Amino acid sequence: MQGIWTTERIRAAERKLLAVTPDGALMRKAAFGLSVHAAKMLGAPSGRRVTLLVGSGDNGGDALWAGFFLRKRNVAVTAVLLNPDKAHPQGLAALKRAGGRVVPVADSPQWIRKADLVIDGIVGISARGSLRPDAASLLEHIKAPVLAVDLPSGVDPDTGAIDGPAITADRTVTFGARKPVHALAPAACGEVFLVDLGLDLEDPDLVRLEAEDVAACWPIPGPSDDKYTLGVTGVAAGSAVYPGAAVLSAGAAVYATSGMVRYAGPAADLVRSRWPEIIATGSVTDAGRVQSWVVGPGIGTGHEGREVLATVLGAGVPVCADADATTLIAQHSDVLDARDPDTPLVLTPHDREFARLMGSEPGKDRVAAARACARRYDAVVLLKGHCTVVAAPDGRAMVNTPRGSWLATPGSGDVLSGLIGAVLAAGVDPWLASGAAAYVHSLAGELAAAGAPTSSSGILGAISDALRTLHWRKS
Ligand SMILES: NC(=O)C1=CN([C@@H]2O[C@H](COP(=O)(O)OP(=O)(O)OC[C@H]3O[C@@H](n4cnc5c(N)ncnc54)[C@H](O)[C@@H]3O)[C@@H](O)[C@H]2O)[C@@H](O)CC1
Ligand SMILES: [K+]
């Protein structure tokens, strides 16, 4: 699991380390790492032109010191000082000593335009609000690849929100630890690299799952398993109007697990014909035993949907309530009375469904929003978006950061619900199960798309390919 810490925690850890480190050593270590990445981006650095955008804080200091190290590699370095009186004094002196050029904002456009690489040292973790106008005015001249110092300026460090002009970096080099911006604003950060400073940080505020975490929790059969031992997934989805939701959700469960999948609902004939391995019945009351229920996709928000939801909530097994089930819960909170309080519930809202559940949309701080919703409903909340946030009622939170936007296609959420249900059926912790499902879902989307738009059927068909890329510890 990759740990991510808030800027407040990182600043506190930095203070402790700074107190026992020689003056300037941490910044030079950070800046040296930065200069190595800059050199890599330049290819053969000697004789190339780098322009530094330098704010008045330590982020600008990092950029200036990186400029110093790049001068040692014979790079032509120009620093644009946003506030010449407040530029980091030691960094500025070092760059000048090494033969770097220093220009004010008024003279900067030509130096930004003809750079081979721009290094963004405008603001780092102490950024407040949108970029100030003089800083923002520099952005329009950028033509070269951009290397962001710690984080792309203009993006909120703790929420990843972008409210105004912001740097879009090709690469970000961060220091000490990853910050929320790196997980929540991947398109602005580009590829993120970490320079270790030896900060003493534990108990991350946020985590990101890695392939081995997903492999470790995903239910795959061992020699003594059969169709029942990995858990039976129940899917209550689809209607006469939306039978496709049932096919997608149940199909995802089929691909996700070698355990049994049961379907209950009005699309039984279609589901059976599409997935002969599924035991399909017309109603949840005669579906047979399951170890989890997925309920909601395409069931409608009327009386029948409400009955189905109440039945599965009372079944005493983990439930993933998706799509129409989310709306039903928002509209009829008493439907949750049927739930055993110790039975895990996973809610999977997108922003509009979230607004129905919570009274307003998630806003800029999606992690805080998901946490609040999880506490309120005593449920794991998987807040869908470009980056999906998964929060547990106890405050644990994770982010799934995709490498593209291929999942934004109709029916994609139905596929995700089936994946969650399959992992829940195996008895995996519901927070982990939901995060692992989101991971596999986005990986399947990426593989299905392979650089071109795809469909939910395509995502479904790529689930096995996605699972195959995980390195199983057992088989
Ligand atoms: N503290 C440490 O031990 C280390 C800190 N490092 C660097 O230090 C950075 C943090 O430095 P600081 O705390 O000095 O602050 P920053 O450099 O992040 O930003 C603060 C400065 O930016 C200005 N500013 C704030 N919001 C702005 C906006 N919206 N538009 C324009 N200007 C704005 C402020 O007036 C202030 O001068 C980190 O991001 C990292 O790059 C690294 O050198 C590693 C070591
Ligand atoms: K920056």
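Modeller: Helices (H or I, at least four residues) and strands (E, at least two) are DSSP runs, numbered from the N terminus. By that rule D120 lies in strand β5, residues 117–121. The model is predicted, local features need pLDDT of at least 70, side-chain atom pairs count only at pLDDT 80 or more, and totals for chains, interfaces and linings use all residues. Residues are numbered from 1 along each chain as its sequence is written, while chains are lettered from A and ligands numbered from 1 in the order in which they are written.

Biologist: Why is D120 called buried?

Modeller: A residue is buried if 20 or more other C-beta atoms, placed from the backbone, lie within 10 Å of its own, exposed if 12 or fewer, and partly exposed in between. D120 has 31 C-beta neighbours inside 10 Å, so it counts as buried.

Biologist: Which residues is D120 in contact with, leaving aside its neighbours within four places in sequence?

Modeller: Contact requires C-beta atoms, placed from the backbone, within 7 Å. D120 meets this with L53, V146, L147, A148, V149, P152, S153, I167 and A169.

Biologist: What marks N59, D120 and S153 as a binding site?

Modeller: The label comes from UniProt, in an unreviewed entry. UniProt positions are given in the numbering used here, feature names are shortened, and annotations may be inferred rather than shown by experiment. The three positions are spread over 95 residues of sequence, yet they cluster in space, with a largest C-alpha distance of 9.8 Å.

Biologist: What makes N59 buried?

Modeller: N59 has 26 other C-beta atoms within 10 Å, and therefore it is buried. Its place is in helix α3, residues 58–71. Not counting residues up to four places away in sequence, N59 touches G121, I122, V123, G124, V149 and D150.

Biologist: Which residues come nearest to ligand 1?

Modeller: A residue is near a molecule if its C-beta atom, placed from the backbone, lies within 6 Å of it. There are 26 residues around ligand 1, and G57, D58, N59, G124 and S126 come nearest. The largest share of this shell, 4 residues, comes from α3.

Biologist: Why is L139 called buried?

Modeller: L139 has 20 other C-beta atoms within 10 Å, so it is buried. L139 lies in helix α6, residues 133–139, and is in contact with P165 and I167, leaving aside neighbours within four places in sequence.

Biologist: What makes up the largest nonpolar core?

Modeller: A nonpolar core is a set of buried Ala, Val, Leu, Ile, Met, Phe, Trp, Tyr and Cys residues joined through C-beta atoms within 7 Å. The largest has 172 residues, and those with the most contacts inside it include L64, I119 and V440. Helix α17 (residues 430–449) gives the most to this core, with 13 residues. At least three residues come from each of domain 1 (2–204) and domain 2 (211–468).

Biologist: Where do the domain bounds come from?

Modeller: They come from an automatic or database domain assignment. The C-alpha centres of domain 1 and domain 2 lie 41 Å apart, and the contact takes 7 residues from each of the two domains.
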